[in-house]
There are 2 protein chains.
Amino acid sequence: MTTDPKEVLRIHSQTFRSFGGHTLASFEGSPSPLAFAKLVAENRPALFRNSNVEDWPAMESFGNRSQLVDLIGSDRNVKVAVTPNGLADAVIDGTFVLPHEESLSINEFFDRLDAEDPSNPQAVHYIQSQNNNMRGDGDFAKLFEQVPEHIDFATEALGAMPDAVNFWCGSRHAVTSFHKDHYENIYIVITGSKTFTLIPPSESWALEERTFPTSKYTPTETRSWTQEVVYMDPKTYDTTTDASQSHPRMMTRWCSLDPTRDEDLETFTDRIGFTAYKSPFLTVTLERGDMLYLPALWAHKVEQGSGTIAVNYWYDFSFGGSLYLLHRMLRGLAADAGYMERDEDIDGDDDDDDCEEEDVDVDEETLLVQAGYTNHTIFRG
Amino acid sequence: MTTDPKEVLRIHSQTFRSFGGHTLASFEGSPSPLAFAKLVAENRPALFRNSNVEDWPAMESFGNRSQLVDLIGSDRNVKVAVTPNGLADAVIDGTFVLPHEESLSINEFFDRLDAEDPSNPQAVHYIQSQNNNMRGDGDFAKLFEQVPEHIDFATEALGAMPDAVNFWCGSRHAVTSFHKDHYENIYIVITGSKTFTLIPPSESWALEERTFPTSKYTPTETRSWTQEVVYMDPKTYDTTTDASQSHPRMMTRWCSLDPTRDEDLETFTDRIGFTAYKSPFLTVTLERGDMLYLPALWAHKVEQGSGTIAVNYWYDFSFGGSLYLLHRMLRGLAADAGYMERDEDIDGDDDDDDCEEEDVDVDEETLLVQAGYTNHTIFRG
């Protein structure tokens with residue numbers, strides 16, 4: 001007997017919603033470690049308002065530009081993503097396009113931000129390095145004293161310190177397209193506002209995840225933009241735009257549907273079986289001092305108000321529970337349904353030992369796909 | 001495109017095991033509420049040794065028969081399950097057979113227990129009423145002061161008091177066949193020993209769950225046994241062996257495979273994809289003072305040493321996380337694969353509104369099936 005994967009997925013999404021999974025919890029103040037552990041166990045997003053964030057030194061110092069510059073150091077260069085349209089890391093016309101990266105002093109960064117034309121920015125600047133940039137020798141390590149070392153209720157609940165702490169700052173034109181992370185994420189807005197559009201693991205399989213050839217925005221001498229092909233060393237995962245090194249093209253796995261766009265909405269609602277809703281996703285806007293628990297594996301798109309500064313803490317995700325098992329099963333079914341490209345390691349098809357010659361090619365390809373994927377899921381917020 | 005449900009289920013079971021889900025955690029002493037919450041979140045069974053059980057008054061009073069009789073009251077009759085073979089609530093030759101029930105004084109119960117012939121018991125006695133029998137006006141309410149009102153770490157972790165507390169006592173010939181409960185279960189052995197054979201929700205779909213016509217053991221006047229058909233009132237769910245009331249036969253949903261039996265082992269291991277193992281399940285024996293966390297939805301078979309007295313606490317199961325969603329999906333796939341009878345409410349097939357005449361029959365049948373099922377999952381340990 002066989003199974004219709006589309007039907008199984010649709011019923012699953014409906015069941016998930018009928019059990020109340022598609023909801024945002026809301027707390028006044030911080031949760032207890034146990035209450036937070038329950039949110040993690042249920043993989044349920046939550047907003048914490050009026051917690052102790054108001055007491056963080058950052059609430060004053062990050063809001064004062066000269067104080068912020070003094071803390072970072074006016075001689076310290078920081079990595080800034082620059083794009084013509086605010087879309088750093090997004091699929092555009094079948095290509096995954098990385099941002100141009102510049103190393104700027106924090107004063108230069110703010111000057112550039114101030115110079116962005118609100119109606120036609122031409123160059124959109126965003127500090128989004130998300131490589132644990134507030135700790136160790138990160139660009140913003142000197143700001144780490146302005147925030148807690150960790151979020152106490154999360155550390156106690158999860159039994160470990162955060163894997164990464166990141167500083168985010170940028171233009172209101174910057175948008176992060178739908179993607180998911182294998183991290184439990186605590187996101188705090190210090191100044192400005194951030195809007196998250198959330199799609200749960202029970203539905204994110206509908207976002208048409210595929211592997212895309214990768215390019216990178218590059219400014220031209222005439223103040224316009226081009227895209228350059230990005231290659232990747234399959235051994236070191238180092239990337240380059242230099243074709244002469246004869247590395248294969250970098251491939252990146254990413255969501256290609258954005259149901260907040262009219263043209264993608266119906267495909268999405270058809271797949272999850274919710275045609276009655278205009279906006280069948282959760283949206284939450286964080287204002288100054290708000291804290292969001294963004295659970296692992298929830299797909300999210302992020303937009304922001306102008307002058308937004310935020311900090312996030314990434315905690316290790318536990319692969320031991322039912323969530324990851326369910327997630328893998330859904331992805332296998334979604335691949336069967338033609339809704340996404342099959343994960344290489346899910347269905348065991350690549351365990352084929354009796355064609356060794358082919359394995360060499362396949363492995364190389366797999367390595368690249370996985371490398372690109374890993375690159376963009378580890379430390380991506 | 002279609003999906004092979006057998007393949008999906010096999011891969012799932014293998015993934016579950018490769019992620020370490022098929023393991024028993026072991027603690028010295030009691031866990032903290034957070035540690036217990038993590039076990040619940042991961043649906044992982046755990047054995048707690050040398051916890052504070054030794055301090056429970058029951059450890060002395062339940063081990064002393066005269067003290068136990070005094071506490072219960074020699075004039076108080078209690079409900080005892082009696083069977084010819086120790087199989088209360090089991091599928092035998094295509095029929096689900098309930099035990100004969102007698103109301104005996106606790107002295108009579110012990111006399112009967114002592115009289116059981118070890119090699120050929122003929123009548124096996126077991127106190128297994130599991131209807132919250134230690135609280136309220138239960139048969140063993142007078143024993144409740146001998147044990148804690150609740151298990152503190154579990155109550156704190158789960159945020160609620162137990163739904164039921166039960167007293168168990170019986171013959172070493174008594175066996176509880178494979179089944180699962182929608183409860184988080186804390187099981188404590190006071191005297192004797194209990195052996196649990198455990199099969200996780202990621203594999204229990206392989207146990208060939210079906211709906212069986214129900215009968216009841218009945219002793220004859222010549223000291224042998226017969227079975228009587230059991231009928232059920234579809235409105236009140238009351239059962240009767242009186243055919244003249246013209247109620248339909250009671251139907252009970254139960255596991256029909258027992259992979260600990262040689263004849264069922266291969267079917268089970270084929271389905272879950274583990275042919276290399278002789279005993280592909282977890283087995284744990286609790287001795288005096290040991291405490292087991294038996295997570296919701298794990299199928300379990302229970303055997304015991306002679307003179308075993310145990311207590312269990314049932315806590316509400318949270319349907320909000322990924323486990324129940326995964327469980328439903330697995331059951332739907334297992335029904336597609338022909339491994340179990342389809343749950344009426346899983347695949348939406350019974351939402352068929354355009355055949356009203358048939359609906360009357362179907363509803364009545366469904367009610368009975370569900371009633372029988374409910375009857376045997378609520379308060380079954």
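Me: In chain A, what share of the contacts with a separation of 6 or more comes from residues 24 or more positions apart?

Reply: This is a predicted model, in which local features need pLDDT of at least 70 and side-chain atom pairs count only at pLDDT 80 or more, while totals for chains, interfaces and linings use all residues. Residues are numbered from 1 along each chain as its sequence is written, and chains are lettered from A and ligands numbered from 1 in the order in which they are written. Two residues are in contact if their C-beta atoms, placed from the backbone, lie within 7 Å. Among contacts in chain A with a separation of 6 or more, the share from residues 24 or more positions apart is 76%.

Me: How many strands does chain A have?

Reply: Helices (H or I, at least four residues) and strands (E, at least two) are DSSP runs, numbered from the N terminus. Chain A has 9 helices, and its strands number 20.

Me: Which residue stands opposite Asn166(A) in β20(A)?

Reply: Strand β8 (residues 164–170) and strand β20 (residues 308–316) of chain A pair in the antiparallel sense over 7 bridges. In β20(A), the residue opposite Asn166(A) is Asn312(A).

Me: Which elements pack against the buried residues of α2(A)?

Reply: A residue is buried if 20 or more other C-beta atoms lie within 10 Å of its own, exposed if 12 or fewer, and partly exposed in between, with C-beta atoms placed from the backbone. In α2 (residues 33–42) of chain A, the buried residues include Phe36(A), Val40(A) and Glu42(A). Their packing partners are α6 and β10 of chain A, together with α2 of chain B.

Me: Is Gly73(B) buried or exposed?

Reply: Gly73(B) is found in the loop between α4 and β3 of chain B. Because Gly73(B) has 12 C-beta neighbours inside 10 Å, this residue counts as exposed.

Me: Which helix supplies the largest share of the side of chain B that touches chain A?

Reply: In the interface, 39 residues of chain B are in contact with 39 residues of chain A. Helices α1, α2, α6 and α8 of chain B each supply at least two residues of that side. The largest share, 9 residues, comes from α8(B).

Me: What kind of axis relates the two copies?

Reply: Copies are superposed by least squares on the C-alpha atoms of residues with pLDDT of at least 70 in both. Chain B can be laid on chain A by a turn of 180° and a shift of 0.0 Å along the axis, with an RMSD of 0.0 Å. The copies are therefore related as by a two-fold rotation axis.

How values were computed. Pairing = 2+ DSSP bridges.
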